[in-house]
Each structure stands twice: as C-alpha cells, then as structure tokens.
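Dear colleague,

Please look through the sequence and the model before reading my notes.

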Amino acid sequence: MINPTEVNSLIRLLDDPDAEIFDHVHQKLLSFGPEAIEFLEIAWEEAFDPIQQERIANLVHEIQFGIVKNDLELWYHGGAFDLLQGILIINRYQYPDLDEQKVINQIEAIKRDIWMQMMNEGSPAEQVKQINHVFYNIYGFSGNRTNHLDPQNSYISQVLETKKGNQISLAIIYSIIAQKLDIPVYGVNLPQHFILAYLDESMKSEFEGGILFYVNAFNKGLIFGRRDVDIFLKQLNLKFDKQFYEPCSNTDIIKRVLRNLISAYEHLGSAEKLLELNQLLKILE
C-alpha cells in the first residue's frame with residue numbers, strides 16, 4: 001500500500017521548475033505503478049496549471065503503457081494461448097480504462113446466437129454459412145473499405161461497437177467465436193491480406209495439411225480454395241511458401257495487428273505512438 005499523503009505531496013511538486021527535482025519526483029511516482037493512477041487523476045481534475053496537468057497526464061500514460069508492456073510480455077512468455085487476451089492487451093494500449101468484460105460479453109452474445117442456429121450437425125461449409133448469416137446479416141459486421149487506414153479498425157472494442165474493421169480484426173473476432181463453438185477456423189498470415197482456414201486435423205495426411213477451404217472474413221465470409229490463394233500469390237509475384245497457406249500462431253497474429261497500427265499511425269504522423277508500438281512489437285520478436 002502506498003502512503004496517500006506522500007503521493008499527494010509528490011504530485012504537488014510536479015510543476016517544480018527545477019529539472020532535477022522534477023526528475024526525482026517523476027521517477028518516484030512512476031515507481032508506485034498502477035496504485036498512483038487514482039491519485040494522479042484526482043490531481044489532474046483539481047489542477048489549474050496547464051504544465052502540471054500535462055505532466056500528470058504524461059505520467060498516467062507512462063504508468064499505463066508500462067502495464068501494457070508487462071501484460072504483453074506475460075502473455076507471450078506464458079505461451080500466447082489465448083488470442084482474445086492478446087488482442088485485449090493491444091486494446092488496452094489505446095483504451096486503458098475500458099471495461100473488458102463488455103467485450104467478452106459481446107463476443108459471448110454473438111457466439112450464443114450462432115449456437116442457437118446450429119441445432120443440427122452441419123458440414124464444415126454449412127457451419128461457416130451459419131456463422132456468416134449471424135455475423136454479417138444479423139450483427140452487420142463489414143470491412144471498413146472507406147477508411148481502411150483508421151487505427152480504430154485494429155482495436156477490438158471499437159470494431160465490436162462500429163461493426164467495421166480491417167481484414168485482421170474481423171478475422172480475429174470471427175475465429176475466436178468459431179473456436180468457442182469448437183469449429184476449427186484459424187488465421188492465415190497472407191501477404192497484403194489476412195484470411196482464415198478451416199482445418200480438419202483428421203484429414204491432415206491426405207488433404208493439403210487438413211485445410212478443407214479458406215474463409216475471407218473481410219468479404220462477408222466468402223469461402224474459397226487453395227487455387228485462389230495460388231492465383232493471389234502469383235499476382236503479387238511471390239514464390240510458394242508454406243506459411244502463406246497454413247494457420248499461423250497467435251503471436252504472429254498480434255504482431256500483424258501491431259504492424260497495422262504502426263502503418264496507421266505513420267499515416268497520421270504520430271511519432272510518439274510509433275515509438276511505443278515498436279516497443280510492443282519488439283517484445284514479440
């Protein structure tokens with residue numbers, strides 16, 4: 001437990017013109033970690049000096065960014081098993097105060113509505129068509145074609161709110177829901193695109209790695225085959241590479257999300273965001 005009197009005394013010194021004193025105060029408050037945030041936010045509301053307000057806001061962001069880095073490291077070194085947890089950590093970067101239970105509940109609601117449609121056992125293609133019906137027709141998810149470079153396309157909370165996202169964010173939500181329904185749909189890291197593969201482990205030896213077909217989550221869950229991937233890669237003048245056809249790891253998916261965000265903020269000219277997102281990317285590399 002931190003001492004409230006000590007914290008508040010230190011906060012009052014944040015506008016000290018002496019650089020050495022400011023640096024000492026800054027480091028001390030930083031060392032308190034998440035516990036200091038509540039005190040800093042109250043002080044920000046009560047502050048009249050814009051310099052002090054700015055310093056408090058920067059300090060809160062620094063503490064919150066430290067939490068995101070730590071959470072991402074723990075997720076990665078813990079085996080990166082839970083894709084939803086990984087994408088929520090990235091969401092935390094922009095929306096640190098978000099009630100993440102709301103995101104979990106939204107995903108559960110979509111899953112439940114799809115499950116209600118799936119009372120009888122269907123073929124893999126029929127299962128995907130049922131997911132598509134609920135996901136695109138009932139919930140109204142679609143690819144954001146008009147503002148594709150908007151960073152909000154990469155934050156899961158925003159995609160669930162607006163029902164618009166980029167290739168990877170829609171594919172992430174789609175695959176998380178499918179896997180919760182025991183439907184084996186996984187992400188494939190295709191150059192300039194991100195698709196999903198329906199994987200039947202029992203057919204791995206006889207059928208192209210067990211992949212029955214692919215799904216384009218950005219294009220209303222369109223089902224297509226391996227030959228279409230061949231044609232797409234040929235158009236890009238790319239040679240055959242196994243990784244373009246097979247499911248990738250959750251780490252690779254989160255790396256791709258971070259690279260998309262880096263591109264988006266590069267487009268907006270946000271140097272600070274680029275610096276921080278590259279730090280997050282480095283954790284996974």
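Predicted model: local features only at pLDDT ≥ 70, side-chain atom pairs only at ≥ 80, totals over all residues.

The protein has 12 helices and six strands. Its C-alpha trace spans about 70 × 45 × 35 Å along the principal axes. Of its 285 residues, 45% count as buried. Among contacts between residues at least 6 apart in sequence, 61% join residues at least 24 apart.

I turn to the sheet. Four strands make up an open, antiparallel sheet, in the order E3-E4-E5-E6. Strand E3 (185-188) and strand E6 (222-224) are at the edges; each has a single partner strand, so one side of each has no neighbour in the sheet. From one strand to the next, the twist averages 35°. E3 is joined to strand E4 (residues 195-199) by four bridges in the antiparallel sense. Within this part of the sheet, Tyr186 has Ala197, in E4, as its bridge partner. Helix H7 (residues 124-138) packs on the sheet, where it touches E4, strand E5 (211-216) and E6. The direction of H7 makes about 15° with that of E5.

H11 covers residues 250-268, and at 1.5 Å a residue its 19 residues should span 27 Å; the C-alpha atoms at its ends are 27 Å apart, which agrees. Its buried residues include Asn250, Ile254, Leu258, Leu261 and Tyr265. The buried residues of H11 pack against helix H4 (50-77), helix H5 (83-94), H9, E3 and helix H12 (271-284). After H11 comes Gly269, which has a positive phi, near 75°.

Two residues of this helix may be taken in turn. Asn250 lies in H11, and its side chain reaches the backbone oxygen of Phe81 at 3.1 Å. Leaving out residues up to four places away in sequence, Asn250 touches Trp75, Ala80, Phe81, Asp82 and Leu83. Ile254, apart from its neighbours within four places in sequence, is in contact with Leu72, Trp75, Leu83, Gly86, Ile87, Ile90 and Leu284.

Which residues touch the most other members of the largest nonpolar core? In this core of 60 residues, they are Leu72, Phe135, Ile156, Tyr174, Ile254 and Leu280. Helix H9 (residues 167-180) supplies the largest share of the core, with nine residues. There is also a second, separate core of 14 residues, which includes Ala43, Leu59, Val60 and Ile63. As general background, nonpolar side chains in soluble globular proteins tend to be buried together.

Is Val68 buried or exposed? At 3% relative accessibility, Val68 counts as buried, because the cut-off for that class is under 20%. Val68 touches Ile89, Arg92, Tyr93 and Leu280, not counting residues up to four places away in sequence. The C-alpha atoms of Val68 and Tyr136 are separated by 32 Å, and these two residues are 68 residues apart along the chain.

Yours sincerely

Terms used
Residues numbered from 1 in each chain as written. Heavy atoms only, no water. Core = buried A, V, L, I, M, F, W, Y, C linked by side-chain atoms within 4.5 Å. Buried < 20%, exposed > 50% of the residue type's maximum accessible area, 1.4 Å probe, protein only. Contact = heavy atoms within 4.5 Å. Pairing = 2+ DSSP bridges. Axes fitted to C-alpha atoms, helices over the stretch in contact; angles between N-to-C directions. Expected span 1.5 Å × (residues − 1). Polar contact = N/O pair within 3.5 Å; in protein donor to acceptor, adjacent residues only side chain to side chain.
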